[in-house]
Amino acid sequence: MERTGMVTVKVWGEYACFTRPEFKVERVSYPVMTPSAARGVLEAIFWKPEFHYEIRAIGVLNMGSEMVILRNEIDRRQGSNPFFVEDARQQRCSLVLKNVAYLIRAEMSLQPWATDPVYKYRDQFNRRVERGQCYHRPYLGTREFAAFFAPADGESPDPALNLDLGIMLFDIAFVASKKRVDLEFMRHGPQGARRVQGYTQAFFFPARLEQGWLKVPPEKYQELYRMEEGENA
């Protein structure tokens, strides 16, 4: 039984902000969508605990342009306790992207306990893309910047687009641990979903656009899985 299947989707939007984590106060976007943001778009369209996405490549159909906007934000994380927004409001500048479009190529990979073939989920994904269905509205980096999506229509990136992007955020590992408890999150397994405690660990990779494509190294996913599974052992 095949356990992996490739999916491709076109996404675009009027604004995008793929925030660099090294800037703590003002938001500054990477020039191109990150693999973690691409995964979030796919999971908004279709996701089941029986599989996960591994981004293989991001094609840049439109780099867009950079612009600075001033936004009202709050100075704390939203939780279950209510508070007055006026007491926590801050104005911050953000360097965002305008008018961007991408192709996302990802491999849908079954979990070890999955029993249905991968083409069942791949076909469901393709049908949802054709119908414009999603679990929640996909977004480009932040929830304010909604993403539109459609099947890949034959467009391809500019082959003359080559650019060194430097070190880019790859994805974030959610590590279950009793020794270091920074947050709680849901962990899905063969017995269903369960709430666990632990911390997050960011992973980075050297990113480069070659002929309009940002290739994502597959070995980074194995490194991420080893960290998540190692702490659980």
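A residue counts as buried under 20% relative accessible area, as exposed over 50%, and as partly exposed in between. By that scale Cys134, with a relative accessibility of 26%, is partly exposed. Cys17 has a relative accessibility of 1% and is therefore buried. These values, like the others below, come from a predicted model.

A search of the whole structure finds zero of them. Cys17 is in no disulfide, and the nearest cysteine sulfur, that of Cys93, is 12 Å away. A disulfide would need the two sulfur atoms within 2.5 Å.

Aromatic rings are the next topic. The whole structure holds 12 aromatic pairs. One of them joins Phe18 and Tyr102 in an edge-to-face arrangement, with 6.1 Å between the centres and 70° between the planes. Phe18 lies in the loop between strand 1 (4-16) and strand 2 (27-28), while Tyr102 belongs to strand 5 (residues 89-110), so this pair ties together parts that are 84 residues apart in sequence. Phe18 is buried, because its relative accessibility is 2%. Tyr102 is buried as well, with a relative accessible area of 0%.

Phe170 sits in strand 7 (residues 163-176) and Phe205 in strand 9 (residues 192-210); the pair links distant parts of the chain, 35 residues apart. Both Phe170 and Phe205 are buried.

Ring pairs can also join up into a group. Phe46, Phe51, Tyr53, Tyr121, Phe125 and Tyr135 are linked into a cluster in this way.

Some rings have a charged side chain over the face. Lys10 lies over the face of Trp12, 5.4 Å from the ring centre. Arg76 is placed over the face of Phe83, at 4.9 Å from the ring centre.

The last topic is strand 3 and its partners. Strand 3 pairs with strand 5 in the antiparallel sense over 10 bridges. Within this pairing, Asn62 stands opposite Ala101 of strand 5. Strand 3 is also joined by three bridges to strand 10 (residues 213-215), and these two strands run antiparallel. Here Gly59 stands opposite Trp213 of strand 10. Strand 5, a partner of strand 3, also carries Tyr102, the ring that pairs with Phe18 from the loop between strand 1 and strand 2.

How values were computed: Residues are numbered from 1 along each chain as its sequence is written. This is a predicted model: local features need pLDDT of at least 70, side-chain atom pairs count only at pLDDT 80 or more; totals for chains, interfaces and linings use all residues. Side-chain values use heavy atoms; hydrogens and water are left out. Rings of Phe, Tyr and Trp (its six-membered ring) pair if their centres lie within 6.5 Å; planes under 30 degrees apart count as stacked, over 60 as edge-to-face and the rest as tilted. Helices (H or I, at least four residues) and strands (E, at least two) are DSSP runs, numbered from the N terminus. Buried means under 20% relative accessible area, exposed over 50%, partly exposed in between (1.4 Å probe, protein chains only). A charge sits over a ring if NZ of Lys or CZ of Arg is within 6 Å of the ring centre and within 35 degrees of the ring normal. Two strands pair if DSSP finds at least two bridges between them.
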